[in-house]
Amino acid sequence: MTSPPTTTSSSAPVLALRSATKSFLGFNALTDVTCELRAGVVHCLIGDNGAGKSTIVQILSGLAQPTSGTIEVEGQVTTFRSPADALRDGIATVYQEQPILPLMSVARNFFLGVEPRKRLGPISWFDSQRANTACMAELSSLGLRRVQDGRQLAGTLSGGEREALVIARAVFLGAKVLILDEPTAALGVKEAGLVLRLVSNARARGIATLLITHNANHAMSIGDEFTVLIHGQVADHFYRGERTQLQLLELMAGGEQLDFLSEP
Amino acid sequence: MALLRRPEAGAVIGTVVVFAFFVGFAGGKGFLGFQGVGNWLGNAAEIGIGALAVGVLIIAGEFDLSMGSVLAVGALTVGLCTGYYHWPLWASIALALALGVIIGLFNGLIVVRTGLHSFLVTLATQFLLYGAMLGFARLLTGQTTLIVTFTGAARVLFAGTWDYFPAEVAWWLGLTALVTWVLSKTVFGNWIYATGGNLRTARMAGVKTAQVKISCFVFTAVASVLVGIIETAQTSTVSVEQGQLYEFEVIIAAVVGGVLMTGGYGSAIGVLFGSLTYGIADLGIFYTGWNTDWFQAFLGGLLLVAVLSNSWLRRKMLSTR
């Protein structure tokens, strides 16, 4: 293992998976995987399809439990029996399909379940003005500036903007850890840039991020720490600047040389 | 253009078109007279109260096909308790409303707990209730039709008229105002839209989706009972077969009013206009002097046009800013 560079914090990780193995019917989807997420660090989890990335997401978000190994939250061993447990510990998972409500406004989506209220005696109602203003302030501070009006229907947002809305909501609700499952996979270049900028702004606020991707370019452009999975095992773990993009691509291809691509 | 993006846009246009049509063909034949207007407003109100409730339920992502039978439960409870057993009128009315709450809870709890489609659950309730009412009425009274007279304050409240404008119009407009406020201004309204828009998302965001759905089922049942009481107050007769097809009429009015069948979208004002269109078309045909046999065909066509134009409007709304 390489030692962390001095720029990253050396305190206990906000969230850590230690020596985790997950077997399904005798088949090991994960074998002895360790993965640490630190405040203000973007940790990229890279691997080809079937490498075990989704299994790690499931374990860290409470959807599945490891067969062996532990989860630690700020140094304390814990178990997530459900996604609610993970959420309670400040772990927000954003999946590829953005769970927004297209026919509701951006602000109402943003504040769903935690709506600001106005009150007069026993009667309370939705403070839409405060919701609009706060939502717009939050979105623009994270770098989403094309949306001008909180009353705009969320269904009019582009794929990247929807993703950004969900991430911004999680950050606003106080997430300490963001798990982003292939956030840029279905997006165009510009849209992916929007999401990556948002991730970078979240990092600046001290949020720990696990970015799952199979796009080496996106990973190298934003990642601080990298874990490469092959067949459910950690094939490599390194920090920013320790590998070239070509080395990373070769690793992702399962350690095979990609030279044949240039052959006639 | 911004106005066209409102959920009620299609409904308002529909009402204007249908109204203009009947003014053209029946304007001089009493359609626009005080009595005519009072008649079709009353008709619209009777549909409108139920349509409002089922509209909210559809927005929350569920259906209620038991509304016709629950309407009859409301009517029969009053007819049986006061008309046959001579209870005080207010006691029967209170019991009828309580039964509405219980039936709503029954529908809601089964749907929420079992995850069965509300279409099936409430269809079962509908048959259960109609069958049980027929059985009970014959067993207890030997009749299937009862007579009950509303007097005093209850008469004014449920069947009063001001210059041909029946009291039910006030109920309808008042409830529409209340539901408009709940849907657009309250947190609970936000939850209703979210529950029907995407159940999983709503639940994950912390919305109490079960509570939302059950409340909406109670609303449809109580609204049906209210209409049953109003009908009884107006006609003084109660039949165990009352309210048949009401459950479909209110769904038509809600959908013509711009409520999205798949949930998550619609407005109380839209449903008000949908019901108004229904009321105008229903009695308008009578005033033209044409054969009223054509009404159902007209209604079916109206529904189809409304669904097509609403879906077109919605696509437009999501395509551009």
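How are helix 1 of chain B and helix 13 of chain B oriented to each other? Hold that thought while I do the housekeeping.

This is a predicted model, where local features need pLDDT of at least 70, side-chain atom pairs count only at pLDDT 80 or more, and totals for chains, interfaces and linings use all residues. Residues are numbered from 1 along each chain as its sequence is written, and chains are lettered from A and ligands numbered from 1 in the order in which they are written.

Okay, back to that pair. The axes of helix 1 and helix 13 of chain B cross at roughly 140° and come within 9 Å. Axes here are lines fitted to C-alpha atoms, for helices over the stretch in contact, with angles from 0 to 180 degrees between N-to-C directions. Helix 1 and helix 13 of chain B are therefore oblique; under 35 degrees would count as roughly parallel, over 145 as roughly antiparallel, 65 to 115 as roughly perpendicular, and the rest is oblique. The crossing of helix 1 of chain B past helix 13 of chain B is right-handed, meaning the near helix is turned clockwise from the far one by less than a right angle, with anticlockwise being left-handed. On the helix 1 side you'll find B:Ala9, B:Gly10 and B:Gly14, meeting residues of helix 13 of chain B that include B:Ala306 and B:Leu313. Contact means C-beta atoms, placed from the backbone, within 7 Å.

Now compare helix 3 (residues 67-84) and helix 5 (residues 118-141) of chain B, packed at about 15° with axes 9 Å apart. That angle makes helix 3 of chain B roughly parallel to helix 5 of chain B. Their crossing is left-handed. The contact includes B:Leu76 and B:Leu80 from helix 3 of chain B, and B:Leu129 and B:Met133 from helix 5 of chain B.

Next, helix 11 of chain B, residues 246-256. Ten of its eleven residues are buried, so helix 11 of chain B is largely enclosed by the rest of the structure. Buried is 20 or more other C-beta atoms within 10 Å of a residue's own, exposed is 12 or fewer, and partly exposed is in between, with C-beta atoms placed from the backbone. The buried set has B:Glu247 and B:Glu249 among its members. Covering them are, among others, helix 1, helix 3 and helix 13 of chain B. After helix 11 of chain B comes B:Gly258, with a positive phi near 95°.

Over to chain A: eight helices and twelve strands, as DSSP runs numbered from the N terminus (H or I, at least four residues; E, at least two). Its radius of gyration is 20 Å, close to the 18 Å the globule rule gives for 264 residues, so chain A is as compact as a globular protein of that length. That's over C-alpha atoms, and the rule is 2.2 Å times the number of residues to the power 0.38.

Chain A has an open six-stranded sheet, order 6-9-10-3-11-12, with mixed pairing. Pairing requires at least two DSSP bridges between strands. Strands 3 and 11 of chain A run parallel over five bridges, and A:His43 stands opposite A:Glu225 in strand 11 of chain A. Helix 5 of chain A lies across strands 6 and 9 of chain A, at about 175° to strand 6.

Finally, the interface: 20 residues of chain B contact 17 of chain A. Helix 8 of chain B gives the most to chain B's side, with five residues.

Terms used. Contact = placed C-beta atoms within 7 Å.
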